[in-house]
Amino acid sequence: MTIVRVEPGGGTRGPHVETEPQTQTQAEETVEETAEVPGALPEALTGFVGYLLRRVFARFAACSDGPEDGSRDFLVLDALTGGDWASQLDLAERLGINRTLMVGVVDRLEGRGQVLRTRNPDNRRQYILSLTDEGRSAVEAGRRAVAERDARLTAALTPEQVPRLNNLLARLLPPGAQDLVRGTGHLVAQAHHRLRRLGDEKLAGTGLRVRHYGPLSLLATSGPCPQQRLAQELAISGPATSQLVDELVAGGMVHRGRDPHDRRRHALELTELGHTQLKRVAHAVGLLAAETAELLGPGGEDELRALLGRLLEPAHPGAAEATATARRD
């Protein structure tokens, strides 16, 4: 989640991106955050809100001007402005923060005097979290920094479009989190993470992830394809492409053969298993798209797609027009 780091005394550092626990997912997101490169977006993917949201997330993350530790702190402080929270664990779940990481967040905030943690008299296994005066000062400073950054990130939108974008993004969050997450950068990150989790859950046990759909579908239509060309067609960086290809090769879905047009280069092509797995991931992507459309409500999908396209336009000329008119088959 993109938030501003709150330092002792209420100061802030630059935005950071909320990640999953310290696992392979964090490494994946580190690559994802730097994957964005200018270029034409794949026409076959611009009809999917989840894909466009991932691109906007990566673009926002690329604009980050500071790391890292303590990135969740502001999110917790901001959530506590509405009053005491009776369960530290419940708040962590609402905000999508791993419970182990949440302990560290609260320890830091308590050490700075920004949060008071007390035992819940009704359940001694739970902690009540309360915001202190120093915590409120930190929230005020953080909100100003978040507002300034959001204004820069959404400069391509009109003043009327920004709140509409935020409203649509909030619909993609769990009901319990919709009133806790504020700011476009926050909402983009949170909505992106949730759609990715929803999609990957539909592929549990297959060895596939939603992000595999793009390269698999492009290789299916492009035939033997050099890795460099695949990167260009996906409009992602070399390291991000290498990570995807390595996963697909390791899973037996892609074969590195010789480029028939240049024997000095390798070319990528789908294996028989790759074609089978493409059908599986395409089915999951279709289910995710349908679920997304349901969350957004009538007309919401087209509207959000168009707004995300406008945000992508500076790095991807033509994106606004493509996304506004895109339709899935």
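These questions and answers concern salt bridges in a predicted model.

Author: This is a predicted model in which local features need pLDDT of at least 70 and side-chain atom pairs count only at pLDDT 80 or more, while totals for chains, interfaces and linings use all residues. Residues are numbered from 1 along each chain as its sequence is written, and side-chain values use heavy atoms, with hydrogens and water left out.

Reader: Why is the contact of Arg143 and Asp78 called a salt bridge?

Author: The term requires a side-chain nitrogen of Lys or Arg within 4 Å of a carboxyl oxygen of Asp or Glu. The N to O distance for Arg143 and Asp78 is 2.6 Å, so the pair meets the definition.

Reader: What makes this pair a tie between parts of the chain?

Author: Arg143 lies in helix H6 (residues 133-153) and Asp78 in helix H3 (residues 73-80), so the pair joins parts 65 residues apart in sequence. Helices here are DSSP runs (H or I, at least four residues), numbered from the N terminus.

Reader: How do you know whether Asp78 is buried or exposed?

Author: Buried means under 20% relative accessible area, exposed over 50%, and partly exposed in between (1.4 Å probe, protein chains only). Asp78 has 3% relative accessibility, so Asp78 counts as buried. Arg143, at 37%, counts as partly exposed.

Reader: Why does the pair Arg94 and Asp90 count as a salt bridge?

Author: The closest N and O atoms of Arg94 and Asp90 are 3.7 Å apart, which is within the cut-off, so the term applies. Both residues lie in helix H4 (residues 88-95), four residues apart, about one turn of the helix.

Methods: Helices (H or I, at least four residues) and strands (E, at least two) are DSSP runs, numbered from the N terminus.
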